[in-house]
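Good morning, everyone. Please have the sequence and the model open while I talk.

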Amino acid sequence: MAKFIIKGGKPLFGEIAIAGAKNAASKMLVASLLTPAPVILENVPVIGDVDIVFELLRNIGSKIDAAASTVQIETPEIKHNKVGQLSRRNRIPILALGPLLARTGEAEVPVLGGDKIGPRPVDIHLEGLSKLGAQIEITKTSFHAWAPKGLHGAEIELRFPSVGATENIMLAAVLAHGKTVIKNAALEPEIMDLVKLLQKMGAIIELCPPRTITIEGVKQLHGATHRVMSDRNEAVSFACLAIATNGRIVLHGASQDHLITFLNVVWRLGGEFEIRNNSIAFWRARDLAPLAIRTDVQPGYMTDWQQPLGVLLTQANGVSTIHETIYEDRFAYALDLNEMGAKIKISTECPPNDPCRLAGKGAYHFATIEGPTTLTSKNLIVRDLRSGMVDLLAALVANGVSEVDGVEEIDRGYENMDERLRALGADITRG
Ligand code: EPU
């Protein structure tokens with residue numbers, strides 16, 4: 001296992017370019033399977049998760065030409081519609097079912113991996129694909145689907161606006177016969193970016209408030225060029241880092257459009273930001289105030305943002321709360337922070353008067369954070385991608401030297417993190 005050795009306690013100053021969004025780029029790579037023509041994606045992050053999708057696509061028969069962040073994918077022919085095990089796992093392969101069904105009538109992809117943040121079922125994906133006419137068999141190692149007569153449009157109401165299920169149904173519906181209506185769809189910016197690519201490829205997709213996506217199936221799609229949106233999760237992590245270390249970091253490529261909810265939180269907390277043409281600078285304006293946060297689907301406060309904020313709230317003056325309503329198990333990082341000196345309590349109960357879908361499930365999804373606390377260094381083992389970033393943040397805030405082990409998980413989602421942090425003045429080496 002690779003590790004980072006970090007001497008913390010220094011304010012970080014400087015400028016950084018935010019990479020392309022992992023959770024948009026990875027889906028767009030899969031979308032390229034919908035056409036035999038070349039799809040060119042710019043601003044693709046150079047990260048482990050993208051490599052996993054490259055492996056999936058190469059197994060299917062795609063030619064991939066990747067020069068740094070610009071990637072051309074061309075799949076003139078689906079050579080293999082059944083993909084066995086990949087060398088590593090993430091949550092993307094299930095999204096290839098729709099494109100493979102559209103082009104060959106059959107598809108098999110490996111079961112999913114991804115972060116250990118709760119059960120993460122895919123029942124809504126599979127129900128959606130079934131409504132479009134796919135027959136699906138789940139084995140121990142794979143999802144096997146077939147639709148010999150092709151997929152057809154359908155009206156599908158999601159019982160929860162799942163990001164992955166919305167994407168999966170959309171990728172299957174763009175080439176299906178007739179019209180598909182997805183009600184209670186997820187509308188995260190990464191999904192809107194995927195819609196933009198699909199529209200450039202010839203898809204007809206309409207968005208109707210409050211949460212309906214209508215897709216008019218077309219016979220074929222063509223190639224397109226698209227620049228992937230910047231990674232709003234990475235932007236939030238660096239913003240929290242600037243405020244937590246009492247430094248100032250300018251994020252080039254960060255987009256206000258994708259950060260509106262977070263920026264409100266920065267004002268309330270006592271952070272400050274300045275928005276210029278294509279950048280946002282973050283710093284601390286005053287002593288930090290405690291907050292009550294509830295994670296939610298778009299346009300709410302995003303679940304991936306609660307972890308870096310959790311570190312920041314250990315530095316606020318008073319008691320903060322975070323109510324996580326998306327994932328059942330996303331507070332494991334609190335155990336590490338507590339060993340570093342934080343005072344975080346996690347509970348299975350929702351806060352009074354705010355029940356959520358995780359109520360009564362025994363899920364540790366509500367945190368109370370008492371601040372301010374001085375963090376001291378500790379050797380940490382990365383639990384998953386986003387909490388790996390928490391480990392980095394905590395180690396950079398803490399006094400003393402920490403070792404963060406298992407940084408391959410961080411590399412799965414963030415580009416050259418050690419090098420970029422060094423450019424901000426961090427004392428970090430890869431061992
Ligand atoms: N859910 C179901 N059934 C389903 C699908 C979802 O019950 O079929 C429920 C589960 O409770 C699940 C929750 O909905 O835990 C959220 O799942 P969703 O499908 O919305 O999320 P996802 O597609 O699995 C993506 C991102 C996550 C991000 C969430 C929320 C990717 C690859 N992952 O996950 O990002 O947190 O949306 O915005 O796009 C990360 O990047 O580290 C990460 C976890």
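A quick word on the source. This is a predicted model, in which local features need pLDDT of at least 70, side-chain atom pairs count only at pLDDT 80 or more, and totals for chains, interfaces and linings use all residues. Residues are numbered from 1 along each chain as its sequence is written, and side-chain values use heavy atoms, with hydrogens and water left out.

Back to Asn43. Where does Asn43 sit? Look in the loop between strand S3 (39-42) and helix H2 (48-60). Those labels come from DSSP runs, numbered from the N terminus: helices are H or I with at least four residues, strands are E with at least two. The phi of Asn43 is near 65°, a positive value in a residue other than glycine. Most residues other than glycine have a negative phi, and most peptide bonds are trans.

Asn416 also has a positive phi, of about 40°, and is not a glycine. Find Asn416 in the loop between helix H12 (408-413) and helix H13 (417-423). Is Asn416 buried or partly exposed? Asn416 counts as partly exposed, because its relative accessibility is 41%.

Now the peptide bonds. The bond from Pro209 to Pro210 is cis, with omega near 0°. Pro210 belongs to the loop between strand S11 (204-208) and strand S12 (212-216). The bond from Gln298 to Pro299 is cis as well, with omega near 10°. Pro299 is in the loop between strand S17 (292-294) and helix H9.

That brings us to H9. How many residues of helix H9 (residues 306-313) are buried? The count is 8 of the 8, so H9 is largely enclosed by the rest of the structure. Among these buried residues are Gln306, Pro308, Val311 and Leu313.

Step past the helix. Gln315 lies in the loop between H9 and strand S18 (318-323). Gln315 counts as buried, because its relative accessibility is 17%. The side chains of Gln315 and Thr314 are joined by a polar contact of 2.9 Å. A polar contact is a pair of N or O atoms within 3.5 Å; within protein, one must be able to donate a hydrogen and the other to accept it, and residues adjacent in sequence count only if both atoms are side-chain atoms.

Next, the ligand. Which residues come nearest to the ligand? Of the 24 residues around the ligand, they are Lys27, Asp123, Ser162, Asp304 and Arg386. Near here means that one of a residue's heavy atoms lies within 4 Å. By class, this shell has 9 nonpolar, 5 polar and 10 charged residues. The classes work like this: Ala, Val, Leu, Ile, Met, Phe, Trp, Tyr, Cys and Pro are nonpolar, Asp, Glu, Lys and Arg are charged, and the others, Gly among them, are polar. Helix H1 (22-31), helix H4 (123-131) and helix H5 (163-173) each supply at least two residues of the shell.

Look at the atom pairs. A polar side-chain atom of Asp123 lies 2.7 Å from a nitrogen atom of the ligand. In the side chain of Ser162, an N or O atom is 2.6 Å from an oxygen atom of the ligand. For Arg91, a side-chain N or O atom is 3.5 Å from a ligand oxygen atom. The protein covers 91% of the 820 Å² of accessible area that the ligand has on its own. Accessible areas come from the Shrake-Rupley method with a 1.4 Å probe; for residues, only the protein chains shown count as cover.

Last stop, a pocket. The second largest pocket is lined by 26 residues, and Ile18, Asn43, Arg227, Ser230 and Gly253 lie nearest its centre. So our opening residue, Asn43, returns here, because it is one of those nearest the centre of a pocket: an open set of points on a 1 Å grid over the protein atoms alone, where a 1.4 Å probe fits, with protein on both sides within 12 Å along at least five of seven lines, and lining residues have an atom within 4 Å of a point. Strand S15 (271-276) and strand S16 (279-284) each give two or more residues to the lining. That lining divides into 10 nonpolar, 12 polar and 4 charged residues.

Key: Buried < 20%, exposed > 50% of the residue type's maximum accessible area, 1.4 Å probe, protein only.
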